[in-house]
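Subject: Structure handover

Dear colleague,

Please find the structure below.

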Amino acid sequence: MQRTDTVKRTIAEVVAERRTQMSPGGMFVEAFGRDGFDTAVDYDVTITDSLTSSRRKPRYPSRNMLKVVDLSREPQEFYWHESPPRPGDPTVDGADLRREAANHFHRSPIPELLTTRAWVQVPDELWHDPVGFAQFIDYRLVVRLATAENHTILRGEGGLLNMPQLGRLTDPAPFASTILAACNEVEQMGSTADGLIINPADYYRLLGEGHLLRDVEDNGVFIVRTRLVDPGTAIVGDFGHGAVLFDAGRSTIRFAEPPPGTFAEPGRALCAEIWERVVVNLPTCFFVVTL
């Protein structure tokens with residue numbers, strides 16, 4: 001009896017391991033075999049983390065720039081952040097050399113997480129091909145969800161571009177570029193500019209004009225290219241220490257009726273959802289720059 005129980009436990013462990021290794025599409029297709037068009041799968045991970053690519057030249061999403069806190073595994077209620085000095089503040093010793101010494105310290109509740117949602121229309125009869133259907137979910141729906149996630153992080157309610165506390169920089173000062181000027185400003189605040197988010201149009205324009213972007217990357221700055229930052233604008237900052245993406249650590253994929261205007265024609269639709277929100281701990285170490 002004891003040996004049989006051991007075998008059962010071993011089989012259960014193998015099944016559990018297989019499920020953790022299965023892609024989001026593979027898990028959905030397995031459930032579709034049972035539930036058909038009523039299929040709705042809940043995942044205990046954020047599925048944009050599963051995004052892989054066979055491209056020789058990868059293009060990273062904005063989430064890869066940020067420190068992610070999975071609230072399902074690291075529950076917390078509050079986060080810390082700082083704000084710059086206010087007019088009339090008393091003099092702080094050493095703040096002439098260490099600007100951050102004059103900052104104010106705060107504790108705030110983690111704001112309500114936002115829903116990030118993406119839709120795809122499944123090509124007719126594709127669901128009869130398990131491999132093709134799973135690939136469509138993994139490489140189309142999840143990619144669409146990553147694009148929607150970029151919108152949440154950058155342009156959505158509470159996105160980086162809508163945070164008034166981030167600095168704005170238009171003057172390159174003694175530097176040839178506002179990107180370099182912003183990197184300097186971040187270091188003058190005692191941090192390090194480790195990330196740059198830029199529109200592809202500006203990325204390739206600057207790439208063709210000289211060595212700036214190569215120098216920036218060689219200096220350890222992680223570059224994300226996304227059309228969700230307007231041309232002529234970029235975000236520079238200390239993403240590693242100065243910002244956090246709070247993540248629910250769960251996802252859903254389901255068949256659903258899309259809102260009017262979602263697609264050009266009727267058809268079966270899949271919806272994917274995740275829940276997350278970005279906060280900035282060190283707003284004095286981030287700049288929205290004009291190129």
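A pocket here is an open set of points on a 1 Å grid over the protein atoms alone, where a 1.4 Å probe fits, with protein on both sides within 12 Å along at least five of seven lines; lining residues have an atom within 4 Å of a point. Grid points are joined across faces, edges and corners, and a volume is the space filled by probe spheres set on the points.

This is a predicted model, in which local features need pLDDT of at least 70 and side-chain atom pairs count only at pLDDT 80 or more, while totals for chains, interfaces and linings use all residues. Residues are numbered from 1 along each chain as its sequence is written, and side-chain values use heavy atoms, without hydrogens and water.

The second largest pocket has a volume of about 230 Å³. It is lined by 15 residues, of which Glu257, Pro258, Pro266, Gly267 and Ala269 are the closest to its centre.

The largest pocket has a volume of about 650 Å³. Its lining has 24 residues, and Leu51, Arg55, Arg59, Val143 and Ala146 are the closest to the centre. Helix H3 (residues 130–154) gives the largest share of this lining, 7 residues. Helices (H or I, at least four residues) and strands (E, at least two) are DSSP runs, numbered from the N terminus.

H3 bends by about 30° at Ile137; the bend is the angle between axes fitted to the seven residues ending there and the seven starting there.

An open sheet of 5 strands runs in the order E6-E12-E9-E7-E8, with mixed pairing; two strands pair if DSSP finds at least two bridges between them. Strands E6 (167–169) and E8 (222–225) are the edges, each pairing on one side only. E6 pairs with E12 (residues 286–290) in the parallel sense over 3 bridges, and Arg168 has Val288 in E12 as its bridge partner.

Regards
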